[in-house]
Amino acid sequence: MNDRSISEIGHWQLEQKSFIDPVDLYIENLFPGKDYQVLLMVFEIIDNKGELQCQYRGIDIEKVRKDSSSYRKYAYRKGSARGGDVTFTTKLGNPPDKKLNNIKEAQFKKLTHGKHLEAQLFKLVEAEFLLNEQRIAWQIADYFNNATQEERTTTGISLRIHREKELYLYDFETVRTMILNSGSEKKYEHNGTISRTADVICSVTGEKADEVYGFAAPFKYSTPDKPGFISGFFNKEKFWRNYPVSSKEALALEYGEKYIRQHLTGYFYGYEFLFVPHTVLQNDREKLETIVELLKSAFADARIKKESSEERADSEEHVQKIIAQQNNFFYVDMLFFSEDKMSKAISIKMMLEEVLPSRFNELFSRVPNAVNRIPLFRNAIIKGKEQQDLKFSFGIIKEFFDDKFLEVVQNIFLGRPISKDFMFEKIMNVIRKNYNEAHTREKTTKSTRRSILEAIMLINYLQELKIIQNNINYNFMNTMDTVKDEQKTNRFNLDEFNRFVTNNRSFLDSDIKIGIFAVGILVRFVFDVQYRNLSSTPFESKLRGYNLNSEHLMQIYLEALDKIQKHLKNNVYPELREIINNYFTIKKQDMVSMSNNELSFYFVAGLEMGSRFKREKSEENTESE
């Protein structure tokens, strides 16, 4: 990932917020994204004839809204599990007196150290706290015992001092310095190990720095206390050799990382990801600012769309489609990750580096539009009561490659080939799963016909990208011209079949695929005849749950032909039988080049598409959503 760009974003933010105290970067929200409350131990400083005295005034409760910045006044910063939080402010725990003991033993010592005026003030507060320790413990325990479960887990403890005006921890220079030092220390200190040095090259700027830190990476891909994750070095003191960052760049990286987490992070079909943009020409601050603002707006719009039931589907690819509209004056690094909520270390699921807008255009605009124009997908589904086109999205890739989604997305972005056997295995796994669930009647599933349409759309998309290869030299010859005209008046619509194959050459790109597809059509006709006569389709039990091989297919064809002849008792569907003879029976040896999943798919495709080749059923060529 391009940390130089993260640093550039950070420097830009620092320039925009030069009026803000840097300590604000290091102050944390006690319960981010939640409304919560803070119990304030209130102390009053009184000037009694030139002598300062302190009196405890009790517990006050303040509410903090999740969208408010008022949390800064409490000056909270999470510390280590062993040493407690950095400042006096902490989270209420169970039992509540455990936190008070830590305040007494550790936090007051930090505040009362030294001879400056603030230390003297906190010594007065400490003395009054110790004098009222039992009373305070009782008051906090009383709150805890009467609080709801949610309140118990969303309450903090801090203090407020009255001295002519209300003073919170943020108002004290001692506390702000403590927080700043903690923020810097975490960049070179980890569990007591110091990793920093002087007069070496900063990995971000490429220039010599007076001081560099070893633990200043903006995103913690792993924690340095796990030796297996330290690339090249197992001595934490020498960790700066892996990633030397100057003190100046460390602050910029933290600001950049914070901006990216807040504004350039979203979800792509259930996977959390972030974008790090960088310009093609280095140090082009103006263009970097332009694209960062553009992406910030795009991510914000995507979040709004996600909350709307009407636009939720459009939210998944909204940011990618915005990028697709831009010129190639920048790249983006796209990182998919999961985060440990405790350590904040992120586990990289997949990373794509230096992707140009032209690639996004190819994947999210040009190729989907080309696939969507295929006649098979026009008015292919019914939503509500209206016919609609089926349109490609990466949701179709997620549907079929769920457990391998990111792996497949990476191959698509990089243009790497995907195994056809792997693809048809995943497609048939979904079709069989939906088929089995539909027959147990335990839940409503996507219809097999809809799955077939989406699978054909997926195949076309991957072929257009040359991720999988099709037989581009195959030329379907209409071999049925020899059939007598009077035979073309039966219920099999030969013209529609020829038209369908011609319009879908990327899908039906060999004789044997057309033949297997035609066998599926014949079995659909058997189903129709059986349902008309028996109100059921017992022949379906022959299909082995769509788990077929070449021997099964040949047996199914022979039995289907026998069934239909017994029911109709005449020379039925001569054109269809001729197609099966020329493209399936004669070509059956070609099935050895196909996996069982692939031939099962083409059979099921013919079975589900069969009704469109029957004249009286042609109006049923849509699938309800």
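Helices here are DSSP runs of H or I with at least four residues, strands are runs of E with at least two, and both are numbered from the N terminus. The model on screen is predicted, so local features need pLDDT of at least 70 and side-chain atom pairs count only at pLDDT 80 or more, while totals for chains, interfaces and linings use all residues. Residues are numbered from 1 along each chain as its sequence is written, and side-chain values use heavy atoms, with hydrogens and water left out.

**Whole chain**

Of its 625 residues, 50% count as buried. Buried means under 20% relative accessible area, exposed means over 50%, and partly exposed is in between, with a 1.4 Å probe and protein chains only. Contact means heavy atoms within 4.5 Å. Among the contacts in the chain with a separation of 6 or more, 72% are between residues 24 or more positions apart.

**Stop 1**

Select strand β16, residues 346–355, and find E354 in it. E354 is not a glycine, yet its phi is positive, about 55°. Its relative accessible area is 47%, so E354 is partly exposed.

Next select E164, in the loop between β4 (155–163) and β5 (165–167). E164 also is not a glycine and has a positive phi, of about 70°. With 89% relative accessibility, E164 counts as exposed.

**Stop 2: K34**

Move to the loop between α2 (23–26) and β1 (36–48), where K34 is placed. K34 has a relative accessible area of 43% and is therefore partly exposed. Show the residues around K34: not counting those up to four places away in sequence, K34 touches V64, R65, K66 and T154. Then select D67, which is 33 residues from K34 along the chain; the two C-alpha atoms are separated by 8.3 Å.

**Stop 3**

Two packed helices are described by the angle between their axes and the distance between the axes. In this tour, axes are lines fitted to C-alpha atoms, for helices over the stretch in contact, and angles run from 0 to 180 degrees between N-to-C directions. Angles under 35 degrees count as roughly parallel, over 145 as roughly antiparallel, 65 to 115 as roughly perpendicular and the rest as oblique.

Select α1 (residues 3–16) and α9 (residues 285–306), whose axes are 11 Å apart and at an angle of about 90°. The helix α1 is therefore roughly perpendicular to α9. Show side chains where they meet: E8, I9, H11, W12 and E15 on α1, against R285, L288, E289, V292 and E293 on α9. By class, this contact of α1 with α9 has four nonpolar, one polar and five charged residues. Ala, Val, Leu, Ile, Met, Phe, Trp, Tyr, Cys and Pro count as nonpolar, Asp, Glu, Lys and Arg as charged, and the others, Gly among them, as polar.

**Stop 4: helices α12 and α14**

Now select α12 (residues 357–372) and α14 (residues 405–414), whose axes come within 10 Å and cross at roughly 120°. The two helices, α12 and α14, are therefore oblique to each other.

L406 counts as buried because its relative accessibility is 10%. Leaving aside neighbours within four places in sequence, L406 is in contact with Y271, F336, K349 and M350. The C-alpha atoms of L406 and F268 are 10.0 Å apart, and the two residues are 138 apart along the chain.

**Stop 5: Q463**

Select helix α16, residues 448–464, and pick Q463. Is Q463 buried or exposed? Q463 counts as buried, at 10% relative accessibility. Its contacts, leaving aside neighbours within four places in sequence, are I468, N470, S506 and F507.

**Stop 6: helix α19**

Finish with α19, the 19 residues 550–568. Which of its residues are buried? They are H552, L553, M554, I556, Y557, A560, L561 and I564.

Key:
Expected span 1.5 Å × (residues − 1).
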